[in-house]
Amino acid sequence: MVRHIVLFQFQKDLPEAVKKEAAERFKKKILALPEKLSLIKSIEVGLNCNPDEKWDICLNSSFESLNDVRTYAAFPDHQAAATELKQFLSGRSCVDYEF
């Protein structure tokens, strides 16, 4: 099994309402993916509630293999959600590990 964790950071000068709306849209689109892509074993999107921390969104998902992570990453609905969010970001960090 492979855990896929991605952290996203919004641009600092974005209004809070824009950040919240973008985060909620991204979360909704990502959480809809398991119905369309059965290779997703688990997926969750957390919106940071601690303003003292650097990262705003955490995506935590699991797959059978790294190849499945790559298939998920290339899936058109995932690409659309990621592209929409990207315009608001100043940072992204990712780790994939076996467990």
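Helix α2 and its neighbours

The axes of α2 and α3 come within 5 Å of each other, crossing at roughly 65°. Before going on, a reminder that this is a predicted model. As for how such a pair is reported, two packed helices are described by the angle between their axes and the distance between the axes.

Which residues make this contact? On the α2 side they are Tyr72, Ala73 and Ala74, and they meet Pro76, His78 and Gln79 of α3. By type, the residues of the contact are four nonpolar and two polar, with no charged ones.

Now α2 by itself, which covers residues 66-74. Three of its residues, Asp68, Val69 and Tyr72, are buried. Looking down the axis of α2, these buried residues fall within an arc of 105°, so they line one face of the helix. Arg70 and Ala74, on the other side of α2, are exposed. Tyr72, then, is both buried and part of the contact with α3, while Ala74 is exposed and also takes part in that contact.

Last, the single side chain. Lys19 belongs to helix α1. Is Lys19 buried or exposed? Its relative accessibility is 12%, so Lys19 counts as buried, the cut-off being under 20%. Leaving aside residues up to four places away in sequence, Lys19 touches Phe10, Gln11, Lys12 and Leu14.

How values were computed:
Residues numbered from 1 in each chain as written. Predicted model: local features only at pLDDT ≥ 70, side-chain atom pairs only at ≥ 80, totals over all residues. Heavy atoms only, no water. Buried < 20%, exposed > 50% of the residue type's maximum accessible area, 1.4 Å probe, protein only. Helix = DSSP H or I, 4+ residues; strand = E, 2+ residues; numbered from the N terminus. Arc of directions from axis to C-beta. Axes fitted to C-alpha atoms, helices over the stretch in contact; angles between N-to-C directions. Contact = heavy atoms within 4.5 Å. Nonpolar A, V, L, I, M, F, W, Y, C, P; charged D, E, K, R; others polar.
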